[in-house]
Amino acid sequence: MPKVIVYLLIILAVAAGSCKSGGQGKDAGSEIPDSVLNEGIEISEDVMQDIVQNISSPVEMAAMIKDLGVPYSNRYISPTDRVGNLTTSYQQALNLGIYAADLGYLNMYNKTSAVIDYLTSIKTLSDAIKVGQFFDFTTLKRLATNSKNLDSLMYISVHSFNEMDKYLHSNNRTNLSALMVTGVWIEGLYLGTQVYKVTPSQQLAERIGEQKLTLDQLMLILENYKKDKQYAKLLDELQLLKELFKSVNIRIEKGEPEMIEENGMLTIVQHDKSIVEISPEQLSSIIATTEQVRNRLISL
Amino acid sequence: MKIFLPILALFTFALSDLIQAQDVSQLTAQCAANAGDVMYLKDFVVKLDQGTPGGAPPTARFALLLSKNVVYRFSICSAPSSDGEAVLQLFDMNTLLGSTFISATGKDFPFFDFKCQKTGVYHVFISFKEGKAGEGVGIMSYVKKL
């Protein structure tokens with residue numbers, strides 16, 4: 001009988017260790033000595049429902065840029081050679097978001113040879129903040145070696161990022177989630193603004209202007225942690241952008257939604273319309289400030 | 001034997017948690033694949049209890065930021081073990097924009113496309129028909145730029 005118990009204990013330990021839902025165990029993040037971890041706040045379920053789930057997607061800006069027919073450029077992505085210098089969980093979470101956005105951009109353009117570097121960097125950073133269990137590095141690396149696996153690569157990359165974010169939320173580490181999302185957002189904005197400099201278009205100008213709404217949501221979340229000086233400094237950086245976005249006007253034209261059923265498929269066409277009013281001068285200021293803020297953040 | 005039983009219970013509990021997480025992960029991957037030739041952006045996993053008789057069906061709510069000039073696809077899948085059939089609805093404030101179940105015709109759709117013309121915060125609601133208990137997953141995907 002004792003042998004059975006020993007075997008069961010071993011199996012139990014393995015099962016618990018590999019469990020990805022993670023909600024039951026001790027928060028691994030408590031081992032990180034950074035002061036930021038003490039700033040985590042518990043957010044009630046009601047409030048959680050009102051927090052925007054997808055403040056920033058690691059692929060949406062890249063998808064739009066690709067759809068605009070803009071060619072790929074490695075000048076828009078952050079170099080990976082600085083990962084070893086990122087030693088605090090603040091730096092690691094923020095840069096995890098930055099690299100996740102870069103990975104989305106690389107995947108979008110099927111740049112599989114460069115993808116491995118970014119996968120490795122994300123793996124290092126996600127392990128450092130104890131969310132590496134959601135990042136299936138082996139599978140992703142295998143998928144990245146064959147350009148025919150793009151759909152799976154995209155799905156697993158984005159899904160892994162979402163799972164890390166969910167895990168941080170459910171383990172009272174929303175402070176790190178906020179940093180990851182900030183990293184994704186600033187890199188996405190940087191990508192959009194840099195592309196605009198080279199290939200300006202009305203749609204991209206509007207997309208940049210409407211980041212005013214995203215920034216408001218993001219700052220609302222980061223405000224919760226402003227007692228920590230690192231977060232306060234980050235908010236100061238974002239405030240520079242907020243000041244510029246203030247003069248961007250977004251107005252709404254009202255209309256009734258229309259439901260169309262065609263060939264068994266349902267499509268909803270929205271007739272409300274948001275119109276972004278942004279001048280070339282406002283765009284220039286936003287582009288310049290985004291570049292400064294993003295470059296300061298990646299040089300932390 | 002006295003020691004064996006609590007360990008076995010603990011083991012069963014840990015294993016069921018692991019299996020459940022894998023089931024959800026598989027359901028999410030399957031549901032994303034069923035959405036077609038689109039790009040997965042976000043999933044909304046729900047597990048709802050049965051509603052009370054005469055009461056509103058239990059509903060999970062998620063806030064989302066959607067961008068103008070993008071076609072999004074919203075898909076819904078119920079776990080095979082669910083009592084009820086999951087329904088996904090998209091709201092802009094109090095206005096229902098779309099649903100995977102059209103009550104007027106009784107028709108179900110595995111997904112619907114939303115041609116977004118207004119950047120802003122929207123809400124996805126997921127519930128189960130007749131307030132039954134169930135598990136399911138909603139998927140939001142990027143279809144194309146308008």
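Author: Welcome! Helices are DSSP runs of H or I with at least four residues, strands are DSSP runs of E with at least two, and both are numbered from the N terminus. Please keep in mind that this is a predicted model.

Reader: Thanks! Which pattern does chain B follow, read along the sequence?
Author: Let's begin with the parts: chain B has one helix and 10 strands. Read along the sequence, these give the pattern α-β-β-β-β-β-β-β-β-β-β.

Reader: And how many helices and strands does chain A have?
Author: Chain A has 300 residues, and 43% of them are buried. Among its contacts with a separation of 6 or more, 73% are between residues 24 or more positions apart. As for the elements of chain A, the count is 12 helices and four strands.

Reader: Back to chain B: what percentage of its contacts between residues at least 6 apart join residues at least 24 apart?
Author: Chain B has 146 residues, of which 44% count as buried. For its contacts between residues at least 6 apart in sequence, the part that joins residues at least 24 apart is 80%.

Reader: Which residues touch the most other members of the largest nonpolar core?
Author: In soluble globular proteins, nonpolar side chains tend to be buried together. The largest nonpolar core here holds 113 residues, and those touching the most other members are A:I122, B:Y72 and B:F74.

Reader: Which helix gives the most to this core?
Author: The core in question is the largest nonpolar one, with 113 residues. Its top contributor belongs to chain A and spans residues 174-198, giving 13 residues: helix α8.

Reader: How do α6(A) and α7(A) lie relative to each other?
Author: Helix α6 (residues 137-144) and helix α7 (residues 150-170) of chain A have axes that come within 9 Å and cross at roughly 150°. Angles over 145 degrees count as roughly antiparallel. The two helices, α6(A) and α7(A), are therefore roughly antiparallel.

Reader: Which residues make the contact of α6(A) with α7(A)?
Author: The crossing of α6(A) and α7(A) is left-handed. The contact is made by A:T139, A:L140, A:L143 and A:A144 on the α6(A) side, and on the α7(A) side by A:S152, A:L153, A:I156 and A:S157.

Reader: How do the residues of that contact of α6(A) with α7(A) divide?
Author: Nonpolar residues include Ala, Leu and Ile, whereas Asp, Glu, Lys and Arg count as charged. For the contact of α6(A) with α7(A), the division is five nonpolar, three polar and no charged.

Reader: What about α8(A) and α9(A): by class, which residues does their contact have?
Author: These helices pack at an angle of about 150° with axes 10 Å apart, and α8(A) and α9(A) are therefore roughly antiparallel. Their crossing is left-handed. A:G192, A:T193, A:V195 and A:Y196 of α8(A) meet A:L204, A:A205, A:R207 and A:I208 of α9(A). By class, this contact of α8(A) with α9(A) has five nonpolar, two polar and one charged.

Reader: What covers the buried residues of α9(A)?
Author: Helix α9 (residues 202-209) of chain A has A:L204, A:E206, A:R207, A:I208 and A:G209 as its buried residues. What covers them includes, from chain A, α3, α8, α10, β4 and α12.

Reader: Does A:I268 count as buried or exposed?
Author: A:I268 lies in strand β3 (residues 265-269) of chain A. Its contacts beyond four places in sequence include A:P257 and A:M259, and from chain B B:L97 and B:F112. A residue with 20 or more C-beta neighbours within 10 Å is buried. Because A:I268 has 21 inside 10 Å, it counts as buried.

Reader: Where is A:N172 found?
Author: Most residues other than glycine have a negative phi. A:N172 is not a glycine, yet its phi is positive, at about 55°. With 15 C-beta neighbours inside 10 Å, A:N172 counts as partly exposed. Its place in chain A is the loop between α7 and α8.

Reader: What is the phi of B:N69 near?
Author: B:N69 is found in the loop between β2 and β3 of chain B. B:N69 is partly exposed because it has 19 C-beta neighbours inside 10 Å. B:N69 is a residue other than glycine with a positive phi, near 65°.

Note on methods. Residues numbered from 1 in each chain as written. Chains lettered and ligands numbered in written order. Predicted model: local features only at pLDDT ≥ 70, side-chain atom pairs only at ≥ 80, totals over all residues. Core = buried A, V, L, I, M, F, W, Y, C linked by C-beta atoms within 7 Å. Buried ≥ 20, exposed ≤ 12 C-beta atoms within 10 Å, placed from the backbone. Axes fitted to C-alpha atoms, helices over the stretch in contact; angles between N-to-C directions. Parallel < 35°, antiparallel > 145°, perpendicular 65-115°, else oblique. Left-handed = near helix turned anticlockwise from the far one by under 90°. Contact = placed C-beta atoms within 7 Å.
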